[in-house]
Amino acid sequence: MNTKQWPRSTTIRVPVGTAVNVTCGPPKAFYCRMSGPSGEVSRHKGQCWVYVKSVGSHHQDVWTCWSVTAESAAEVQYTLRLHAYREVLCKQPSSSCLEGAITEVGFDETTTEVRVFCNVRESNATAVGTGDSIAVGPDDNFRSKYCRITLPRDTKILSLAYGRGTSRYSYHGTAYNDCGVSFAKPLRRSEIGRWKCMNAMSDDRVYGGFVVVVPPNSTKATIRTTHKEPCIPPLTVTASRSVMVPKGNTFHVECSVHSEIDYCWLRHPNGTAIPVTVPDRTTDDFRNRIGTRYRYTGEGLSFGQCYVAIDDASTSDTGAWLCALGLRDDRREMYGTVDITVSESVIAARQEELYATEGSLVTLGCDTVEKQPIAYCRFLTPRLFGFAVDEKSDARSPPRYAYSGQGLTAGHCGLAIDGVEDSDYGNWTCAVKILDSSGSEEVSTTVILRKPEGFTMIQIIGIVLCGTMISIMSLFFANHLITNPSAKTRKKIEKLEMQLEAGEQGRRVGGRRAQTSTRVIRTQPGLSKQGSVPRRI
């Protein structure tokens, strides 16, 4: 009788928190013994199975069983890999977000290849058999628009689809909703770490998350117990650069980490905490709005992004903004800071006040805050003499004056003064016209050039440093003379020591003589009834 051979190795995918019968080996087995990743042991008649009331991370990994059937003369070993994934349901069901959408994020492997995936399916879709897993049948109304997978450390970004791949990376999927990649073993060093899988669906939402791929001999359980991830760098928060924004405009505070997060929040420079907890992407932008001024602009918490746009910037927003990201895996928070400077105008002086001595070279000017290009750059001197400058080599500027900056298209309006004169001291006006389709007007700011009076701060610091160096050198020289005197100085010291020693000995001898001498005191006649009788003292 030709019977189908039961596969020696299978994989099942189960949502976290659900109940499941974990079965292993052929269904017509006479008896079974079975062990799980956390030490579960089962011995009974028939097919191997264990009932799990609620699937958790400790159930995830390889289950092993041994069975005997009518076709086998001895026990046969079978393995089953259980992959637990999270169900992500739409929080705002609508025509653009189908109710019951489930994201399946993870990786599995066979003896020859590794697969990384972020598949999406509907909970009410018709399931079709695909061997050792469950997928979704074709659905014209709910399908993947694009599949983007990023390798660890952002070394490469793959855009995959059915029939499209590279020499090493191939598309892996069995349904229109799947997004996955498969590649051959052994793993390369660049493939070990945190992969980012993004599956953009027809409901205008992006599903997916991060997948940690480890070498075959390492499991998530061993990583947790040893607190080491081979070849995987520690998580760090990436924050946006410091920005300067004009008053009334919109600015962005963006922090991200290569791990899924459950929540994030911001701290305003004044100490106010701003929660960012509902970043669902929908076609209605109003749902992304956290408050009257704050809007979430990232791709989702599943991608570790805490991106917030803040409207109507005011000077009170100037300072360090803190963003806190709550990691989903280990329940800790990570932090980043973004420095924001809000300017009263669309331009800002490079230095509002600066000092220069006569005859020196000094540079002053103003730049556009958001680096908008400018049509012209002009200055008005303290003596009310005006002129324009630019980066062109044939531009004719007044003597001693030249353009300084990276060009008008970069929004730079700078002036270099070669040989400062007395007429240059005072209030300078820096004026520009921003190139804007709306036809913006000229804007200007004031820069003050002053003559140093007395000692400048730099001179004071220099004097203090020079005095300190002289004191240190004097102490060093004196110590050197004492510890290492010259031959002539040594002779003088020895002669002086001999003279001091001789004087000390003379004083000692004189003292002993004074103690042994006799002193006679005579009294005046008539003062004593016994007469003048000498007394020895």
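## Getting started

Two strands count as a pair when DSSP finds at least two bridges between them. With that idea in hand, let us explore this structure, which is a predicted model.

The chain has 537 residues, and buried residues make up 39% of them. How many helices and strands does the chain have? There are three helices and 37 strands. Contacts across the sequence are also worth a look: among the contacts in the chain with a separation of 6 or more, 58% are accounted for by residues 24 or more positions apart.

Strands of a sheet are held together through backbone hydrogen bonds, and they can run parallel or antiparallel. Here, four strands in the order 13-12-16-17 form an open sheet with antiparallel pairing. Strand 13 (157-160) and strand 17 (206-213) are the edge strands, each pairing on one side only. On average, neighbouring strands of this sheet are turned by 20 degrees against each other, direction ignored.

Now step to the middle of that order. Strand 12 (residues 144-150) is joined to strand 16 (residues 193-201) by six bridges, and the two run antiparallel.

Strand 32 and strand 33 (residues 412-418) run antiparallel and are joined by three bridges. Look for Y403, which stands opposite L415 in strand 33.

## A mostly covered strand

Strand 6 (residues 61-68) is mostly covered, with six of its eight residues buried. Strand 3 (residues 31-35) pairs with strand 6 in the antiparallel sense over five bridges. Within this pairing, T64 in strand 6 is the bridge partner of S35.

A charged side chain and a ring also meet here: R33 lies over the face of W66, at 4.3 Å from the ring centre. Elsewhere, the charged end of R168 sits over the ring of Y169, 5.9 Å from its centre.

## Aromatic rings together

How many aromatic pairs does a search of the whole structure find? The search finds eight. One of them is F183 with W195: the ring centres are 5.2 Å apart and the planes are at 5 degrees, so this pair is stacked. The pair links distant parts of the chain, since F183 is in strand 15 (residues 180-184) and W195 is in strand 16, 12 residues apart.

F379 and F387 form a tilted aromatic pair, with 6.5 Å centre to centre and 35 degrees between the planes. Both F379 and F387 are buried. Ring pairs also link F379, F385, F387, Y401 and W428 into a cluster.

Let us visit R115, which has its place in strand 9 (residues 113-122). Why does R115 count as buried? Its relative accessible area is 18%, and the cut-off for buried is under 20%. The side chain of R115 is joined to that of E113 by a polar contact of 3.0 Å. Not counting residues up to four places away in sequence, R115 touches G106, F107, D108, T110, H172, V181 and S182.

Next comes E352, in the loop between strand 27 (347-349) and strand 28 (353-355). E352 has a relative accessible area of 61%, so this residue is exposed. Where does E352 make contact, leaving aside its neighbours within four places in sequence? The partners are T446, V447 and I448. Take I448 as an example: E352 and I448 are 96 residues apart in sequence, but their C-alpha atoms are 6.2 Å apart in space.

Notes
Residues numbered from 1 in each chain as written. Predicted model: local features only at pLDDT ≥ 70, side-chain atom pairs only at ≥ 80, totals over all residues. Heavy atoms only, no water. Axes fitted to C-alpha atoms, helices over the stretch in contact; angles between N-to-C directions. Buried < 20%, exposed > 50% of the residue type's maximum accessible area, 1.4 Å probe, protein only. Polar contact = N/O pair within 3.5 Å; in protein donor to acceptor, adjacent residues only side chain to side chain. Contact = heavy atoms within 4.5 Å. Phe/Tyr/Trp six-rings, centres within 6.5 Å; stacked < 30°, edge-to-face > 60°. Lys NZ or Arg CZ within 6 Å of the ring centre and 35° of its normal.
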